[in-house]
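Subject: Two-chain model for you to look over

Dear colleague,

I am handing over the structure below, and my notes on it follow. Please read them with the model open beside you.

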Amino acid sequence: MSKFDEPDHYKQDQLLQIDWRPPRAPWMDTKPDMRPGTFIYPGKAKNLNVMGFPHARDWAVDDVDWKLPEGWQKIVLDGMAERLTRYRSFKLFMDTCVRCGACADKCHFFLGGGDPKNMPVLRAELLRSIYRKDFTAMGKIFGSLAGGRALTEDVIKEWFYYFYQCTECRRCSVFCPYGIDTAEITMMGRELLGLLGLYVNWVLEPVANCFRLGNHLAIQPHGLMDTLEFMADDIEEATGIRVDIPMNKRGAEILFVTPSGDFVADPGIYTCMGYMLLFHELGIDYTWSSYASDGGNFGLFTSHEAMKRLNAKIYVEAKRLGVKWILGGECGHMWRVINQYMDTMNGPADFLEIPKSPITGTEFPHARSTKMIHLMEFVADLIRHGKLNLDKSRNDHINVTFHDSCNPARAMGIFEEPRYVIRNVCNHFHEMPENTIREQTFCCGGGAGLGTDENMEMRLRGGLPRGSAVRHVQEKHGVNQMAAMCAIDRATLVTVCDYWAPGVKVTGITELVANAMIFTGEKKRTHNLRLEPIPGMELDESVGEGVEEGAAAHV
Amino acid sequence: MNILVALAAVVGLFLVGLLGGMSGLGWLFGIVIPSVALLLFLGGMVMKVLGWAKIPVPFRITTTCGQQKALDWIPQAKLENPHTPLQAAGRMALEVLFFRSLLRNTKAELVDGRRLVYRTDLALWFGAILMHWSFLIILIRHLRLMANPVPGFVTFVEAADGFLEIGLPAVFITTGTFLLGVSYLLYRRFTNPQVRYISLVGDYFPLFLLLGIGLSGVWMRHLDKVDIAGVKEMMLGLFHFAPVVPEGISPLVYGHLFLASVLLAYFPFSKLTHMAGVFLSPTRNLANNNRAVRHVNPWDYPVKVHTYDEYEDELREKMVGAGIPVDKPLEKE
């Protein structure tokens, strides 16, 4: 018998019995059904202590008593009051919603689950009802008639349940006529819960790890070296090339920062191997950092302060090593932090230079303040200038689609760079339906720290819209791989695809790039970076010639 | 329940105005209450907007809905992902004038029990556009009652709005479109199960109020044909600080005016503040240029970080063992 944390436990037919019509009982009178598979376990006291967060204690979601600290109502209301005077967005988003419902069927959790409190508007109303009661004239006078309600322990439990059923993907914000950003509301909700010592461990343990050891996965520096060495071995087996691993190298030109998911999880590691090969072939002077060994930042899913505390290391390390600029790998929420927070929180990076490609000479003035560019911006520029020696046919057995990751899509707008790169390294590329890509892209169902098996039911439900779109291109175009430039995607979409569109594999873009690249001095390529045989490359003559020609052209 | 409360409130308020007019309380319902309502509206909205404006915007968080500006050979979506304040203003104009975001609206459907599809659904956009634009034009038309001589643009709008020249007095197009828009929005709130589930009294009340104002307006113009000269005399007096209450003004006028007063007074304390709020929405009115132009958080404060020195002190031996350079050499035993 499979357990609630395994996909097999859930029958597709049952999950697909979705009723989007809400129940008769008013939502304020309805308590969440906290069944295993729909929530994540609480943050452990030891991890709160690492971060110095208040009210550390061990508790369980199904406990009746969550051991809220004394005076918890005042803590929450004071916390709300403080945030209402610090964030214009928070105050506006509390005031201006007209409950038009345009956002209702835009949330993947609502679409896949039908729980009305997963409609973004109602998720926000969970907070707004408290706001109305305690912070508005109408609410103070008319109470529940004005949509206010009292702050009770049940409200806190409801917040915990639903603010950790939001992946902060911001799809609803695209459709909102007032631009209300549910991610910011969820972030406030989580901060307020944090004031009471309430977190989920899947977020908090990575935060504690990242604070102490530089990355979410608690990889120590020697472990990181080992990991990269193993990858270098596999690279050598696939290509015959031995790559260097510059680590904490003072005076390098470029600091490379990527999410730590690329170091351990299949298929993220192949993308990481792609980075190493690419940099080796270009011969650029770059370095990894063991101290800044994660661009990912689960602080974003915890509190603004935690985000700042984890993000600080990137500029500190860039300064210590004396690099000129920073290059960022394929990560989703890392790029939200870099594009929207880093310079404000931990800048100015006036000790760095405007990023400039050492290969093409292209300057990147759009990053003249933050001094950090996205790998896809860097690679697109390389391809545009003909600096990569590519044999697309090596990816001919791949029929790829591209999943826009939420954060690079809606917090940045990097749409064309990855597509340009993919089109240049793959002959077979098919887009998913237009309402499911670019700014309307659907979340993998496991973002914002929800990518654990503990809430498998919600991940499968939340993954339905994406899975359904993948299945569509699988059936229509024979798509067998989905590229995504996000480490969380590369972990969670595997589950989503296996469940909703079995047969479609997940890949990073740089993996595709490296598999298509002809490297100087490479051996005859018969296997890709996954060490799988490349169809059509087993034959000697034709391929061998191609490689030689390509190599010669490159020299 | 919420529907009935809101409907009862509006009917009750209308009757209050009507009765006030009948019982000779013209001064109260024609002068005092409208003045107070107008002051509450203006004062309340100014306070509201100033209240929002004085709260800092600590981070520049936009919702990007198009291609960013990065490489110069990839065209940027200037209005969907603005890089400059001017482009952001353009985006804002689209949002305010044409409800750009609602134009994206889709309706999800589960086909064959397993395939999710999304169809463009512009009904909400259309209803909202009808209601808001008609309302604006009707307000402009009403300026005729508040200024003498009537400004040229008011006459122009009036002529354009009544160009069908049906009936006497002519039926304005916006009378119909306004009532249609409000009715659709109400109908949608009643019948869309999700919207109905989330609707509060405060969502029905303004719609009933608008409907009440609109219907009483139609009644006055086309059915009862009230003494418009008297009304204008009263309104002119009100806006020129020389209040008069002419005889013979229909109680209907007071009912209409009272509902309008309630709307004005209610405005700043309700969701109707979205009218001003939309202009301040950070996800729409900011440029997505953080990497080029540093945004400063006025309340930024230092936080506890784990320094490199602390990191190396803990892990130096392992780093040296793995051949990773360190800042301080290992101490010799």
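The contact between the two chains involves 82 residues of chain B and 95 residues of chain A, where two residues are in contact if their C-beta atoms, placed from the backbone, lie within 7 Å. This is a predicted model, in which local features need pLDDT of at least 70 and side-chain atom pairs count only at pLDDT 80 or more, while totals for chains, interfaces and linings use all residues. Residues are numbered from 1 along each chain as its sequence is written, and chains are lettered from A and ligands numbered from 1 in the order in which they are written.

On the side of chain B that touches chain A, the elements of chain B that give two or more residues are strand E1 (106-111), strand E2 (115-120), helix H7 (193-198), helix H8 (201-224), helix H11 (274-280), helix H12 (282-285) and helix H13 (308-321); helices (H or I, at least four residues) and strands (E, at least two) are DSSP runs, numbered from the N terminus. H13(B) gives the most to that side, with 6 residues. By residue type, the side of chain B that touches chain A divides into 43 nonpolar, 26 polar and 13 charged residues, with Ala, Val, Leu, Ile, Met, Phe, Trp, Tyr, Cys and Pro counted as nonpolar, Asp, Glu, Lys and Arg as charged, and the others, Gly among them, as polar.

B:Thr106 stands opposite B:Thr120 in E2(B), and the two strands form a hairpin with 3 residues between them, where B:Asp112 in the turn has a positive phi of about 55 degrees.

Chain B as a whole is divided into domain 1 (2-301) and domain 2 (306-333), with bounds that come from an automatic or database domain assignment. The centres of these two domains of chain B, taken over C-alpha atoms, are separated by 64 Å.

For chain A, the assignment gives domain 1 (9-199), domain 2 (206-384) and domain 3 (392-542). The C-alpha centres of domain 1 and domain 2 of chain A lie 34 Å apart, and 7 residues of domain 1 are in contact with 8 residues of domain 2. On the domain 1 side of that contact, helix H2 (45-51) and helix H10 (182-195) of chain A each supply at least two residues, and the residues of this side divide into 3 nonpolar, 2 polar and 2 charged.

Chain A also holds an open sheet of 4 strands in the order E2-E1-E3-E4, with parallel pairing. Its edge strands are strand E2 (286-287) and strand E4 (372-374) of chain A, each of which pairs on one side only. Strand E1 (residues 254-257) of chain A pairs with E2(A) in the parallel sense over 2 bridges, and A:Ile254 stands opposite A:Tyr286 in E2(A). Helix H15 (residues 304-321) of chain A lies across E1, E2 and strand E3 (325-328) of chain A, running at about 150 degrees to E1(A); axes here are lines fitted to C-alpha atoms, for helices over the stretch in contact, and angles run from 0 to 180 degrees between N-to-C directions.

An open sheet of 3 strands has the order E5-E6-E7 (chain A), again with parallel pairing. Strand E5 (400-403) and strand E7 (505-507) of chain A stand at the edges with a single partner strand each, so one side of each is left without a neighbour in the sheet. The twist averages 30 degrees from one strand to the next. Strand E6 (residues 481-484) of chain A pairs with E7(A) in the parallel sense over 3 bridges, and the bridge partner of A:Met482 in E7(A) is A:Val506.

One residue in a loop may also interest you: A:Leu151 lies between helix H7 (137-142) and helix H8 (153-163) of chain A. Leaving aside its neighbours within four places in sequence, A:Leu151 is in contact with A:Gln73, A:Val76, A:Leu77 and A:Ile130.

With best regards

Key:
Pairing = 2+ DSSP bridges.
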